[in-house]
Amino acid sequence: MELDSDPHILLTNDDGIDAPGIRALYDALQAVGTVTVVAPDRNRSAVGRSLSYGRTRSSPDDLSLDLESDSFTSPVPHTNHELGYAIDGTPCDCAIVGVNAIEPEPDIVVSGCNAGANLGAYVFSRSGTVSAAMEAAFLETPSIAVSMDTLGYDTDLEPTDFERAAEITATIVSGAPGTGLFDRVDYLNVNVPRPDREPNGYAITRPTRVYEMDATVEDGSFQLTNRLWQQMANRDIPDPDDTDRHAVLADQVSVSPLRIPYEVVDTASVRTIFEHIL
């Protein structure tokens, strides 16, 4: 899908409409298009591609679902905000509302800027930031998810901290028209190094498949530990050179051009196995 040279941009995130990252993007993107913000009214990080199914029109907080009376329709409450619409819902709710319910229809959806990198194949089903971009792609709207590494950056984040990420995003949006980029890819996952790191260019990357999560029992309680974040803090994860996390740890902006993710494994051996099973 070719972008208009003066695009209508739908801006969303998962950190919430008052987060500094979305404010920085809003300010930067206004210079390259018309921006409409539809974002969660509070932090909805790591909710993945969840939707607000189950609400009833009589009581938005009642999650019981009457399929006959509600006819598969759920209200998505909102309040007006200085940037646009603050949605009582998930990032994917926001993407759907912004693409389908608001005029004019957006030419591109931008999700971010997330406070924290979204790196690796495993984040696609977990990150609200990336999920909103994926949702837009499924709705046949080009999209960009943009995140900034903050690991070890021990300061309260302000919109100015996201300026580099916002400028890069605006450059991509303004530069894409006429290139056929979004005829070839569905969405981009962009990750920017910490604002205190010296810029080292950019890299076209693939999502790393290196993944590790651990679980333990301590004093009768379960605990989850993300070993990758520990290793990333030490900057010693053994990712291949062409991957997103390797690029960010090398202080490069990582740009992963992606298609809507699914891969069907339809091989003779798989078919033979199912012939025996079924």
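This is a predicted model: local features need pLDDT of at least 70, side-chain atom pairs count only at pLDDT 80 or more; totals for chains, interfaces and linings use all residues.
**View 1. Strand S7 (residues 187-192), a strand largely enclosed by the rest of the structure.** Strands are DSSP E runs of at least two residues and helices are H or I runs of at least four, numbered from the N terminus. In a regular strand, side chains alternate between the two faces of the sheet. On one side of S7 sit Tyr 187, Asn 189 and Asn 191, on the other Leu 188, Val 190 and Val 192, and all are buried.

**View 2. The strands paired with S7.** S6 (residues 143-148) pairs with S7 in the parallel sense over six bridges, while S11 (residues 253-258) runs antiparallel to S7, with five bridges. Pairing takes at least two DSSP bridges between two strands. Asn 189 is the bridge partner of Ala 145, and Ser 256 is the bridge partner of Asn 189.

**View 3. The "binding site" positions from UniProt.** The unreviewed entry lists Asp 14, Asp 15, Ser 45 and Asn 114. They span 101 residues in sequence, yet no two of their C-alpha atoms are more than 9.0 Å apart, so they gather at one spot. UniProt positions follow the numbering used here, feature names are shortened, and annotations may be inferred rather than shown by experiment.

**View 4. Asp 14 and Ser 45, in contact.** Asp 14, in the loop between S1 (8-12) and H1 (20-29), is buried at 2% relative accessibility. Beyond four places in sequence, Ser 45 touches Asp 14 and Asp 15, with contact meaning heavy atoms within 4.5 Å.

Residues are numbered from 1 along each chain as its sequence is written. Local features need pLDDT of at least 70, side-chain atom pairs count only at pLDDT 80 or more, totals for chains, interfaces and linings use all residues, and side-chain values use heavy atoms, leaving out hydrogens and water.

Key:
Buried means under 20% relative accessible area, exposed over 50%, partly exposed in between (1.4 Å probe, protein chains only).
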